[in-house]
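Here are my notes for you to read with the model open beside them. Take the points one at a time and find each residue as you go.

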Amino acid sequence: MKEIGVGSIVRILSKNSEMQLPKKTGYRVLAAIAVSLIMIPCALVVGYISYVMTEALIEADNPGGGMLFEMQILSAFSMIFGILVIFSVLFFSSDREHFVTLPIPSHHLMFGKFIYAFIAESIMEFLILIAVFIGYIAAVAKNLSLAKAFHPVTLISSLSGIILIPLVPMIYCAIFSVLLMAALSKVKSVKVFYRTSTLFLLIFAALFIFSLRGMGEINMENYVDSLGSGDNLFLETLNIIFFTVPWLSNAVCQGNILYFLLFLAGNAALLAILFFLGKAFYQKGLYTAASLGTSKKQRVREKDVVMASHFKASLQKELRVILRTKAFSANTAFINLIWPVGAFMLFHFTKDKGALKAFIRMYDMGKDRADMILLMVIVSIAFIATALNSVASTSFTREGQHISLIKFIPVPYRTQLLAKAAVSFIFTYPALLATNIIICIYVHVPFGTAVLFAVLMLLAHIISIIVGMTMDSSSPYIEWDDEYSALRGNLNVFFNMAVMMMLSVAVILLGLFIYELLKLPATIFYIVLSVILAGAAVRMIIVWPRIIIENMKKL
C-alpha cells in the first residue's frame, strides 16, 4: 500500500479542519464586510506605521530598523499565541486515532500537521507582512532612490519573508511540544502539559519585559531613537531568539544576496532539526497523548448527583465547558481582562503625556467634541469586546458533534438559550464595567455620565450577544477536531466581529453627522444614540430569541 505523503496530509486537514463558507448570500456579504472592515484596515495601519518609522529612521541612517522591529514583534506574538495551538494540533486533535492506523510514518504525520497549523495560523500575519514591506519600500523609494527600493534582491527577499518570517516561531513551538511530550511520557494528566506550556510563555514574556529595563520611559519617541542608534535591548533580545530575521532585514535593506541565502539556510536548518526530532520522538509523544485517557476514572456516586433548576444546570454546564477547556478559557473568558488592564496601563502611564493629556484637559474644560469622542469609544469598546471574546458567536459551535443533544435533553430551548446568553454576560460585562470605571476615573467623568456609559455599554453588549448567537445558531461549526479549531476555524466569530466593527463605524458616523454637519450639541448625540441602542436592544430581546429557537430546532 502506498504511503500517504506530507502534501496529502496537509490537503486532508485543510479540507476538514476549517468551517466552509455557508452557501447563503448573507454570509458572502458578511465575508466582504469582514475583509473590508478588519483585514484591509489592519494592513493599512501597519503599512502606514512601517512607512512612517522608515522615514524617521532614514535620517538616523538605519532605514531597516523599523521594519526589523515590526518583523520581530510579529515573530514574538506568533510564538506566544501559537504554542498551545501547535501543541493541540500535533497531539490532541480528534483525528489522531484515524491517522495512526494509516500507513503514515509518524514524522510525516507530524510534518503535515505542522505545515497545516502554520498556514492556518499565519494567514493574517502574511497580510500584515505584505503591508510592512510595502510601507518600507514606499518610504525608501520616496526618500532614497527607486533603484534601492526595487533592487531585485530586495524584492525577492521581501516576498520570501512574507511566507518565512512566521515559520521560525512555529518551528520553536513544535520543537518544544515534541520534546516536552517525550520527556514527560510518564505523566497521565494533560493539565501538566498545558501548565508547562503556560509556564514557558510566562518565562518568555518575563524575558521580554526584562529586556526593556534600559529603555527608560517607554514611548514611541524613545523607541524610534533606540532603533536608530541600535541600542534597543528589546530588539537585541529578539534578534538572538529569532536569529534569521536580522539576516532577512539586511538582505532587504542592502540588496545583499549572501544575507538572503543565510536567511534561507537558517530556516532550512531549523526545519531539518524539527524533522529529525520528530522522527526520533513524535511517535513516543503520540503514545503519551493516547495514554492520557487510560487512567482510572472516578465513579459517580448517587449522593454526588444534586438536583438543580434547568437554568442553573444549563448555566453550570456552559461555565464548566469554558473554564475546564484550555482553548476556551484562555480565548473566550480570560481574554476579557485585556480591556480593564489595558485601560489602566494606558491611562496610568500616559495620562500626563501627549494626546491623552490634551484630551483629558479638553474634557475637563467641558468641550462637546471630547464628550462625543468619549461616547464613541465607550460604545465601540462594548461592541468589539463582546465580539472579540467569541463567547456568543461560539454558543452552539462549542457543542461540537454532540449538538443534537440540544433537542433531546429535557430542558426548554429558551432556557438553554438564556444560559448561553448569560455565560457571555458573566464573562464580558463585568470586564466592560471595570473598563468604564477606570476610564471615567482618569478622565474625570461625572458620576451620572459614568452610569449612562455603563447602561449604553450594556445595551451594546446585549446587541452583540444576540447577533453572535443568531449567526452561530444558523450555521454552527461542529465538525472541528480540537477546541482551537472551533475558535480559529469558525467563520461566525470572524463575521460577528465584522458586524460589530460596522456598528462601531455607524456610531462614529452618527456622531460626526450630528456634531460636525448639523452643528448640534453633544447632548443630542447622547439622546439619539441612547434611543437607538435601547430601541434596538429591546426589539432584539423580544423578536430574535424566536429566530434562534427556530434555528435550534433545525440543528
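1. One term before we start: a residue is buried under 20% relative accessible area, exposed over 50%, and partly exposed in between, using a 1.4 Å probe and protein chains only. By that rule, Lys519 counts as exposed because its relative accessible area is 62%.

2. A word on what you're looking at. This is a predicted model, where local features need pLDDT of at least 70, side-chain atom pairs count only at pLDDT 80 or more, and totals for chains, interfaces and linings use all residues. Residues are numbered from 1 along each chain as its sequence is written, and side-chain values use heavy atoms, with hydrogens and water left out.

3. Back to Lys519: where is it? Look in the loop between α23 (491–517) and α24 (522–554); helices here are DSSP runs (H or I, at least four residues), as strands are (E, at least two), numbered from the N terminus. Lys519 isn't a glycine, yet its phi is positive, about 60 degrees.

4. His444 has a positive phi as well, near 70 degrees, and is a residue other than glycine. You'll find His444 in the loop between α20 (413–443) and α21 (447–474). His444 is partly exposed, because its relative accessible area is 47%.

5. Now the inside. A nonpolar core is a set of buried Ala, Val, Leu, Ile, Met, Phe, Trp, Tyr and Cys residues joined through side-chain atoms within 4.5 Å. The largest one has 70 residues, and Phe91 and Phe242 have the most contacts inside it. Among the elements giving two or more residues to this core are α2 (25–58), α5 (106–143) and α13 (257–291). There's also a second, separate core of 54 residues, including Leu375 and Leu533.

6. On the surface, Leu323, Phe334, Leu337, Val341, Phe344, Met345 and Phe349 make a nonpolar patch with about 700 Å² of accessible area together. Patch members need over 30% relative accessible area and no salt bridge, and nonpolar side chains (Val, Leu, Ile, Met, Phe, Trp, Tyr) are joined within 5 Å. Which helix gives the most to the patch? Helix α16 (residues 338–350), with 4 residues. Val341 sits in helix α16, and Val341 is partly exposed because its relative accessibility is 43%.

7. Lastly, cysteines. How many disulfides (pairs of cysteine sulfur atoms within 2.5 Å) does the structure hold? The count is 0. Cys42 is partly exposed at 36% relative accessible area, whereas Cys253 is buried at 12%.

Conventions. Patches are made of residues with over 30% relative accessible area and no salt bridge: like charges are joined within 9 Å, nonpolar side chains (Val, Leu, Ile, Met, Phe, Trp, Tyr) within 5 Å. Accessible areas come from the Shrake-Rupley method with a 1.4 Å probe; for residues, only the protein chains shown count as cover. A salt bridge is a side-chain nitrogen of Lys or Arg within 4 Å of a carboxyl oxygen of Asp or Glu. A disulfide is a pair of cysteine sulfur atoms within 2.5 Å.
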